Amino acid sequence: TGVQTCALPICMLSRLPHPAGTRWRRQAGKHTGRCTPTHPHAKAPSFTLESLSEIDTEQSLTAIGAPADRPPSPDGHVATVTRTARAAKINGLKQGLSMGLAAVTAAIVARVLGPTDFGYYAGALAAFQLALAFSDVGFSLVLTREMANNPAERGSLMRSTVHAQLMWSAVVAAVLAGLGIAVGGTRGTVMVVMAPAVLVSGLTSVRQVFLVTFMIGRLFVVDVLSSVLQAVAMLSAALLGFGVVAIATASAIAISVNQVVGSWMGWKLVNPAPATSAQRRRITRLAVPLGIASIIASLYFTIDQVLLTWLVSPADLGHYAVAVKLLTLVVTIPGFIMQAGIPALAQAVGDRAKVSDIAGRLAHWIAATALPLCVGLAVFAHPAIQIGFGSKFLEAVPLLRILMLAGTLSLAANVLGIV
């Protein structure tokens, strides 16, 4: 039939005890992995790769060669921590490149538009980011935890979550578009243009399968290329003088393409199990409490710009938006570090020592990355604004120092909130 197969010990699928004296050895092939028995009478049945899509790789590899009635080896925890560190490094590199491009793009766009037009753009963009937070409402966190704990149900869990999130995202996108129409003007038009990207963000949960399976590297190229595409499109619209609406349109298209491609890749990693109404209700029930906490955090960082749209002049909002942009880049770092650690924390639930060890490592990584940036930007706020955004935005210097102080105090909340 042309379907690739690989031979694996049946104990990895059924969790039955190993036959006496049997150990399994993994042999690397050109296209498939094969585990062959060293016991002379043991047989290794074959299965299609599709049928093995739901194997819990971490538990399976640590179980090879150990009787089923023995307690798990501590090496499994070490391997989980190691893979979590690798995922965090890859995610960190990806986010670093993406944030670097975003910072350069924002700086150039701000220079081209000036404080007033950038203020209009920033106000609409803040409403869009707030809509994105509402569209997720905890679905991604819950799906990551559930897939890590229930590997055999990943396909149905993913479909149930996406169905619920897409329906909710459609409501949020409609609200954003309606508010844009009501507001009118440049700001309102940008909100309407960005609304379809909120709908497509209902697919965000699919990407969590790469974290759960520790295959975050597969998204690296897609996300980096999408960031490059977004930066090129936005800069082209800005430098050619097409205006704020064109810049927002380019950004929305790039975001939507990234979500669709990443989701398409994620669907290929799970089995085609159908969604169930019971799972949809359960996922939604679990997501709401986490979503409320996530929305509160998003409100903390974005509601100010939305409110200031009606309280201050567009130029003053532009100055404030520049400082907030740098703050957003810094606080994103602990976010993706903790995101990479969710699968490991979920698997360690019930073992206080393991949870403490993983949480301590995550806190250490945050302290070594985000904390120096907060302190550095607070101390060197003037040259950072001068070099990045130009002399037109120097009024943002004291605002940046205040925001960096708040960002420093918020770092600990990332670890405690996820745990």
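This is a predicted model: local features need pLDDT of at least 70, side-chain atom pairs count only at pLDDT 80 or more; totals for chains, interfaces and linings use all residues.
Contact here means heavy atoms within 4.5 Å. Leaving aside its neighbours within four places in sequence, Leu 176 is in contact with Ala 127, Phe 128, Ala 131, Met 191, Met 194, Ala 195 and Val 198.

**Helix 5 and what follows**
- Helix 5 covers residues 154-183, 30 residues in all.
- From first C-alpha to last, helix 5 reaches 42 Å, close to the 44 Å expected at 1.5 Å a residue.
- Gly 184 follows helix 5 and has a positive phi, near 70°.

**Helix 5 against helix 6**
- Two packed helices are described by the angle between their axes and the distance between the axes.
- The axes of helix 5 and helix 6 (residues 185-200) come within 7 Å and cross at roughly 170°.
- Angles over 145 degrees count as roughly antiparallel, and helix 5 and helix 6 are therefore roughly antiparallel to each other.
- Helix 5 contributes residues including Leu 166, Ala 173, Leu 176 and Val 183 to the contact, while helix 6 contributes residues including Arg 187, Met 191, Ala 195 and Val 198.
- Sorted by class, this contact of helix 5 with helix 6 has 15 nonpolar, 4 polar and 1 charged residues.

**Nonpolar cores**
- The largest nonpolar core has 65 residues, and Phe 118, Tyr 121, Leu 176, Ile 247, Ile 385 and Phe 389 touch the most other members.
- Helix 3 (residues 75-136) supplies the largest share of this core, 14 residues.
- There is also a second, separate core of 24 residues, with Phe 210, Val 270, Ile 283 and Ala 287 among them.

How values were computed:
Residues are numbered from 1 along each chain as its sequence is written. Side-chain values use heavy atoms; hydrogens and water are left out. Helices (H or I, at least four residues) and strands (E, at least two) are DSSP runs, numbered from the N terminus. The expected span of a helix is 1.5 Å times one less than its number of residues. A nonpolar core is a set of buried Ala, Val, Leu, Ile, Met, Phe, Trp, Tyr and Cys residues joined through side-chain atoms within 4.5 Å. Buried means under 20% relative accessible area, exposed over 50%, partly exposed in between (1.4 Å probe, protein chains only). Axes are lines fitted to C-alpha atoms, for helices over the stretch in contact, and angles run from 0 to 180 degrees between N-to-C directions. Angles under 35 degrees count as roughly parallel, over 145 as roughly antiparallel, 65 to 115 as roughly perpendicular and the rest as oblique. Ala, Val, Leu, Ile, Met, Phe, Trp, Tyr, Cys and Pro count as nonpolar, Asp, Glu, Lys and Arg as charged, and the others, Gly among them, as polar.
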